[in-house]
Amino acid sequence: MMTKKVLITGVTGQDGSYMADFLLEETDFQIFGMVRRTSTNNNKNITHLLNNPRFKLVTGDLTDSQSIDNIVREIQPDYFINLAAQSFVGASWQIPEQTFDIDAVGVIRCLEAIRKHAPNCRFYNAGSSEELGNVDYSPQDEKHPLKPRSPYGAAKAAARHIVKVYRESYNLFAIQGLLYNHESPRRGEEFVTRKITKQLAQIKKSIEENIDFKPLQLGNIYAKRDWSHAKDFVKGIWLMLNQKKPMEYILASGKTYTVKDFINKSLEFFDINGIWIKEGLEEKFIYQNKILIEINPEFYRPAEVDLLLGNANNAKKILNWTPQISFSDLVKEMSKNDLMNM
Ligand code: NAP
Ligand code: G4F
């Protein structure tokens, strides 16, 4: 029997790199990781895979239909896992057109290539709880209406519709999971969780060495998110791709925490016992008479998603999927990793 082939886009990112690790460990499939051309090396999340004979890099870009078309035609993948995106919500107001081009039109480019060259290929697109945005109820389930609040959320919502249209028009196995926030030591450094653990690790080291440091500056620390570990989610994506019928599910922990809860958990790991003072833009965290954390309105968004809390009961019941890593362990792992790499 021919070895199955999996194409993963976004392989240099958090989820793409964990997906490649997972499939190399759990299957004997050949993995193709798509990377885009960059002027400097961007492979830190996949360095450990580069000599693996079952892992091969291919060059393409979601904004370039010819590259996607050529890759699908040449590889003829059995699975196409699209984890590439302009994934930072905050930046999507500055680069709305590029965000839509990559996160929505890019999905059409993938679907067209599959339709023409590999119609039996199973396609997964990375959907997001940001599509739900200004939520009507909590916890949110798969029936919740799409109410995006950011150009990023709107692009992912458009992608969800086009995936459904291609599924129904051409009978493709094409799905878009609806995933709540998931993090790890491989998380990009501008996302709030990694920004917190990385900068608090730096502050901890500065305190120990008695040198000056800049306070950690944040925006809305009362936004609530349903955070999990990315390793748990790549397993859920793979289960979704291997069902009999192309059904779409929510993956979430079912618990929600404020950004401030995340900060407090990380401070606990670093053993920094200070106090929070004042409110609103004046709110600060003080330790030994020094400001460690302060609010900077620059990090507020033009429109905020105040609360996300997912109901993953369908994924639990039908896919037998449950997240294994708790919020507390996630924060500890990220904080420890950043301290060790200081
Ligand atoms: P990430 O770490 O930011 O990775 C994004 C990946 O996309 C990177 O490998 C990046 O390549 C690649 N990429 C960006 N633009 C591209 C383009 N034009 N062509 C080809 N590749 C491109 O994101 P992540 O956290 O792993 O998220 C994976 C997917 O899940 C994304 O679609 C994201 O929107 C979605 N999602 C994430 C979460 C979450 O909480 N993590 C939740 C819901 C949905 P470079 O390295 O070259 O920049
Ligand atoms: O870490 P964030 O930037 O993630 P956000 O916006 O929730 O988006 C992430 O999760 C989505 C799933 O729901 C994904 F689709 C998306 O790709 C991405 O992975 O911000 C989390 C919260 C927001 O409410 C933000 O306003 O933290 C708040 N926040 C407060 N201060 C901050 C900051 N966010 C960032 N990035 N930086 C701050 O200084």
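Let's start at ligand 1: a polar side-chain atom of N42 sits 2.5 Å from one of the oxygen atoms of ligand 1. T12 has a polar side-chain atom 2.6 Å from an oxygen of ligand 1.

A word on ground rules. This is a predicted model, where local features need pLDDT of at least 70, side-chain atom pairs count only at pLDDT 80 or more, and totals for chains, interfaces and linings use all residues. Residues are numbered from 1 along each chain, ligands are numbered from 1 and chains lettered from A in written order, and side-chain values use heavy atoms, without hydrogens or water.

Back to ligand 1. Alone, ligand 1 exposes 900 Å², and the protein buries 90% of that (Shrake-Rupley, 1.4 Å probe). Its shell counts 25 residues, each with a heavy atom within 4 Å. T12, D15, N42, S87 and Y152 are the closest. β5 gives the most, three residues. By class, the shell has 10 nonpolar, 10 polar and five charged residues.

Now ligand 2. Which residues come nearest to ligand 2? They are S128, S129, Y152, R301 and E304, out of 24 around it. R301 places a polar side-chain atom 2.5 Å from an oxygen of ligand 2. For S129, a side-chain N or O atom is 2.6 Å from a ligand 2 oxygen. For R187, the distance from a polar side-chain atom to a ligand 2 oxygen is 2.8 Å. Taken alone, ligand 2 exposes 720 Å², of which the protein buries 95%.

Definitions and conventions. Polar contact = N/O pair within 3.5 Å; in protein donor to acceptor, adjacent residues only side chain to side chain. Helix = DSSP H or I, 4+ residues; strand = E, 2+ residues; numbered from the N terminus. Nonpolar A, V, L, I, M, F, W, Y, C, P; charged D, E, K, R; others polar.
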